[in-house]
Amino acid sequence: MSAEPLLKVENLKTQFFTEEGTVRAVDGISFEVNEGELVGLVGESGAGKSVATSSIMRLVEDPGEIVGGTVTYKGTKIVDFEEGPDGELRRSPEMLSNAEMRKQIRGKEIAIIFQDPMEALNPVFKVGAQLREFIEINRGVSEKKAKEIAVDMLREVGIPEPEKRYDSYPHQFSGGMRQRVLIAMALSCQPDLIIADEPTTALDVTVEGQIIDLVDDLREKYNTSFIWVTHDLGVVAEICDRVNVMYLGEIIEQADVDDLFYQTRHPYTDALLDSIPRPDQSVGELTPIKGVMPEAINPPSGCRFHTRCPEARTVCPEVRPEYQDVSDPGESRHMVSCVKYENVGYDDAEPLETEATSAFGGGLVEARGDDE
Ligand SMILES: Nc1ncnc2c1ncn2[C@@H]1O[C@H](COP(=O)(O)OP(=O)(O)OP(=O)(O)O)[C@@H](O)[C@H]1O
Ligand code: NI
């Protein structure tokens, strides 16, 4: 493995400036993707997973804006901020322009696959023509060559009779087939990194399994790195090498997939794991995470998870936990932000009544933002 990761995200911050206030959608996340690695980004709806990936692609839409941090891809600064004369953060001269992002990065170096293929595919054009045009533009090859590549790619992702299906319209494909087309499109320009944002969420379990197997095979063949966004830890267990768990704009735990499942450090990750079926548990033991994720406009003080945490104590709303490596000697890096692992008086503090521990904590909306 080369010393430098393929992608390095440091303290990335993206906010939405709305009438209700500033939404801190991504609030200082850091993680890396190594060559050939499949890195998971998991968390409940609204955690900031999609905003994180669209920030890496520099596709954040109004009223959103990347406001800080650095994203380095093969030594190039996709995002880079520096301190200005008055201490304010501003874009550094090294940060790629939008035109450079379009010309050098998107599609060719980093491709993205979205959840809903119908959004990425134009319903009025034939599938093959769309794929061909994408290849023509991004790889600068002739129309004829692009068609050859397109048909090859369709075959590669398991579309039967690709020459024939080349002339089909998107609606003539099943959901799974359309997702295969998007994978073909993503792969067709031989990017080194593919970002997949819940690519299998809309599919039934069997088709999802097929797509995951396909990605696994392709990854081995092309040594492509992936960032895989999902709220499904079952999928994570199946394909990820490393996992980042997001909660309310922050990554609160990161570890190798086995360590995350079997040496879980963060109570939120624990709660997430308890809410999915696992081979070592019967379905009857499943417990959904209690409470509701608070708004990212006004996140809770201290540890943001404290309002729902079954292990919260009085220090938790008071101390901002540090994101630190808590791995045992010999274990690979295991990052977590939880005051349990800091010397800030957790052990002596009193338990805190939270949505997880109170009688009203069964996910009742009334239990939220109450006057404790
Ligand atoms: N255009 C927007 N305007 C205002 N707020 C936004 C906008 N887009 C996203 N957000 C906010 O940013 C936060 C993160 O959203 P994001 O879509 O990244 O969540 P997610 O983890 O991808 O969730 P899901 O699993 O539902 O896709 C949320 O609080 C969301 O409301
Ligand atoms: Ni999302």
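Author: One definition is needed at the outset: helices here are DSSP runs of H or I with at least four residues, numbered from the N terminus. The model is a predicted one.

Reader: Which residue just after helix 1 takes a positive phi, and at about what value?

Author: Helix 1 covers residues 49-56. Just after this helix, the positive phi belongs to R58, at about 60°.

Reader: How many of the residues of helix 1 are buried?

Author: A residue counts as buried if 20 or more other C-beta atoms lie within 10 Å of its own. In helix 1 the buried residues are K49, S50, V51, A52, T53, S54, S55 and I56. Helix 1 is thus mostly covered, and the count is eight of its eight residues.

Reader: How many helices and strands does the chain have?

Author: Strands are DSSP runs of E with at least two residues. On that basis the chain has eleven helices and 13 strands.

Reader: What is the radius of gyration of the chain, and what does the globule rule give for 372 residues?

Author: The C-alpha atoms fill a box of roughly 70 × 60 × 50 Å along the principal axes. Of the 372 residues, 41% are buried. The chain is as compact as a globular protein of that length, because the globule rule gives 21 Å and the radius of gyration is close to this, at 22 Å.

Reader: Among contacts between residues at least 6 apart in sequence, what percentage join residues at least 24 apart?

Author: Two residues are in contact if their C-beta atoms lie within 7 Å. Among the contacts in the chain that span at least 6 places, the share joining residues at least 24 apart is 62%.

Reader: Are helix 7 and helix 8 roughly parallel or roughly antiparallel to each other?

Author: Helix 7 spans residues 175-188 and helix 8 spans residues 205-222; their axes lie 10 Å apart and pack at an angle of about 15°. Angles under 35 degrees count as roughly parallel. The two helices, helix 7 and helix 8, are therefore roughly parallel.

Reader: Which residues make the contact of helix 7 with helix 8, and how do they divide by class?

Author: Helix 7 passes helix 8 in a right-handed crossing. Helix 7 contributes G175, G176, Q179, I183 and L187, while helix 8 contributes V207, Q210, I211, L214, L218 and Y222. By class, the residues of this contact are seven nonpolar, four polar and no charged.

Reader: What is the orientation of helix 5 to helix 7?

Author: Helix 5 (residues 143-156) packs with helix 7 at an angle of about 125°, their axes being 9 Å apart. This angle makes helix 5, relative to helix 7, oblique.

Reader: How many charged residues does the contact of helix 5 with helix 7 have?

Author: Here the crossing is right-handed. In the contact, I149, A150, M153, L154 and E156 of helix 5 meet A184, L187 and S188 of helix 7. The classes are six nonpolar, one polar and, for charged residues, one.

Reader: Is D152 buried or partly exposed?

Author: D152 lies in helix 5. D152 has 13, so D152 is partly exposed.

Reader: Is L193 buried or exposed?

Author: L193 is found in strand 8, which covers residues 193-197. Beyond its neighbours within four places in sequence, L193 is in contact with L6, L7, V33, E109, I110 and S225. Because L193 has 23 C-beta neighbours inside 10 Å, L193 counts as buried.

Methods:
Residues numbered from 1 in each chain as written. Chains lettered and ligands numbered in written order. Predicted model: local features only at pLDDT ≥ 70, side-chain atom pairs only at ≥ 80, totals over all residues. Axes fitted to C-alpha atoms, helices over the stretch in contact; angles between N-to-C directions. Parallel < 35°, antiparallel > 145°, perpendicular 65-115°, else oblique. Left-handed = near helix turned anticlockwise from the far one by under 90°. Nonpolar A, V, L, I, M, F, W, Y, C, P; charged D, E, K, R; others polar. Rg over C-alpha atoms; globule rule 2.2 N^0.38 Å. Buried ≥ 20, exposed ≤ 12 C-beta atoms within 10 Å, placed from the backbone.
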